[in-house]
2 protein chains.
Amino acid sequence: MNSSDKPVLLISEVGPRDGLQSLKSIMPTAAKKAWIEAEAAAGVREIEVGSFVPPKLLPQLADTAELVAHARNIAGLTVAALVPNLIGARNAIAAGAHKISLPLSVSETHSLKNLRRTHEQVLAEVRAIAELVAGLPADQRPHFEAGLATAFGCTLEGAVPEDQVVRLAASLIEAGCAEVGLSDTTGYANPAQIKRLIRLVRAEVGPERLTGVHLHNTRGLGLANALAALEEGITTLDSSLGGIGGCPFAPGASGNIVTEDLVFMLDSMGVSTGIDLKKLLAVREIVQAALPDEELYGFTPQAGLPLGYERGWGLGTATSSSHSSSLP
Amino acid sequence: MNSSDKPVLLISEVGPRDGLQSLKSIMPTAAKKAWIEAEAAAGVREIEVGSFVPPKLLPQLADTAELVAHARNIAGLTVAALVPNLIGARNAIAAGAHKISLPLSVSETHSLKNLRRTHEQVLAEVRAIAELVAGLPADQRPHFEAGLATAFGCTLEGAVPEDQVVRLAASLIEAGCAEVGLSDTTGYANPAQIKRLIRLVRAEVGPERLTGVHLHNTRGLGLANALAALEEGITTLDSSLGGIGGCPFAPGASGNIVTEDLVFMLDSMGVSTGIDLKKLLAVREIVQAALPDEELYGFTPQAGLPLGYERGWGLGTATSSSHSSSLP
């Protein structure tokens, strides 16, 4: 592949945050740094390196500030972090995060259980963060976005009304977020729903205010949903190397989309991600070595790349003559 | 769901053939009958019950004639069988198969290795079968189709030229097949390739001569590829209950698309398959009991259906009032 291609699809690696927070194992800081460096070297241009939550709640992510500071030294990398509230945002900004994301759960039941906050309380927090960000010098302002969690359904409430997703998206933009994202927290989404909800939210807040989705592979539809999002013009997709964070009771199932499988799909379709797939696959060794008790997932890593694989595999470049050299 | 809906997407269950032929275990004939009956009762309208190959080659499928005869008694079920050659076709017709499928591997290397035949030899066989079929009384003629194996790439040849797929599709129709199908035998396909190749082949032979695709989930793209095929107007998709036949070295990976996951995707999108998803999920118990040494796969079966799930989950039917009864 030609690594100088401008990526048309940005993969945001969320393994160091969304993946590691679900594991019992705590990855050493040095290993996290090596992971982040190796993925950046493979061409990944955005990594969510951690979460600014109290270390008591998530000891796995206690080193987030150090990781942000370290990752900022990697040229061309957007360093993202999750922030649950104003205090988290202050810490993220102090550490130097380029991008901060705050989750708001569309299911208020889930919001109360997870963040112990009503929608109104979360929106108040968003307003305070937006004010903080606006008060910073222009070159220190992080990109501030909110993720609409449980946007496609909730394990506590079941179906989530679409008008509520749209209304909260508008409220978040009004409260000062630069952008909203749609999160399939529960793995309930299907491709028709992905397309429909993207259209509805974009019609309300404008297409430039919704460019990314966060999908899970809980029911095996992760990549089909990613394809649907791509077809709607979404330009940022979250995923996790090795599907880290997947539920041990459903191997490979409950976590984020596997970055390697997502990149294989896009790369083989000729959709530029800027990522070198072979280098990306090699990053697994670093992560596996640092998490000896955890299982890494992924279909493509297990099956291997197709014989004679090259980017744009499905673009009709194959001719009778071009493949004959690979005959056994 | 409303089981009286006319299905717009036909799922062709291939587990009893493509699944079982890959296993060491031999499923007892009675269990196969129970499986076929249960799937038909769940609304599956086409099942490939076996293959008319010499029992010495595939002892797992030695009872195919008996299964065809039995399955013919199930009202509304299309009974399909694979036939490798004229002898197999004769036996399939004698047993009463409604549909016979002959594989032709686009990769001639694969064809020689797998069927020990050149393309020309396979086409000669197709002509002989077409003649046999044409000579039957109208009410005894099976639907005769050919599957273009390795259409999206070959583990021996690598990339497979698209013009060769198109040319062979035309040759098969010319030789007397009613229809051709595209098979991703190796799990190399991606959604862009699926769309492109369907268009190219249909442009050559006409859309009514290519209505089905056979996809594998080797690299995790099975359902994304199915979505791409659906978007191109494909109306028949092959899949295997429990992903039976998957490679033990890549759990869930190398076999056919899992029927349960495929039905969940379509059902939640509101695409009618005529299948009752809950009844389908229950069929796993029959199959698992008959194959105690084999692992069944599937993300949806492991994760379970979404809370308050109903067909057309993603069609925007959820309103603020309709879900409140499922609040905890």
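Reader: What makes residues of α10(B) count as buried?

Author: In α10(B), the buried residues include Thr259(B), Phe264(B) and Met269(B). This is a predicted model, in which local features need pLDDT of at least 70 and side-chain atom pairs pLDDT 80 or more, while totals for chains, interfaces and linings use all residues. Residues are numbered from 1 along each chain as written, with chains lettered from A and ligands numbered from 1 in written order.

Reader: Why is helix α10 of chain B called largely enclosed?

Author: Eleven of the eleven residues of this helix (residues 259-269) are buried, so the rest of the structure largely encloses it. Helices here are DSSP runs of H or I with at least four residues, strands runs of E with at least two, numbered from the N terminus. Gly270(B), which follows α10(B), has a positive phi near 85 degrees.

Reader: How do you know that β4 and β5 of chain B pair?

Author: Pairing takes at least two bridges found by DSSP; strand β4 (residues 99-105) and strand β5 (residues 143-149) of chain B have seven, in the parallel sense. Ala146(B) in β5(B) is the bridge partner of Leu102(B).

Reader: Why are α2(A) and α11(A) called roughly antiparallel?

Author: Angles over 145 degrees count as roughly antiparallel, under 35 as roughly parallel, 65 to 115 as roughly perpendicular and the rest as oblique. The axes of α2 and α11 of chain A cross at roughly 175 degrees and come within 9 Å, so the two helices are roughly antiparallel.

Terms used: Buried ≥ 20, exposed ≤ 12 C-beta atoms within 10 Å, placed from the backbone. Axes fitted to C-alpha atoms, helices over the stretch in contact; angles between N-to-C directions.
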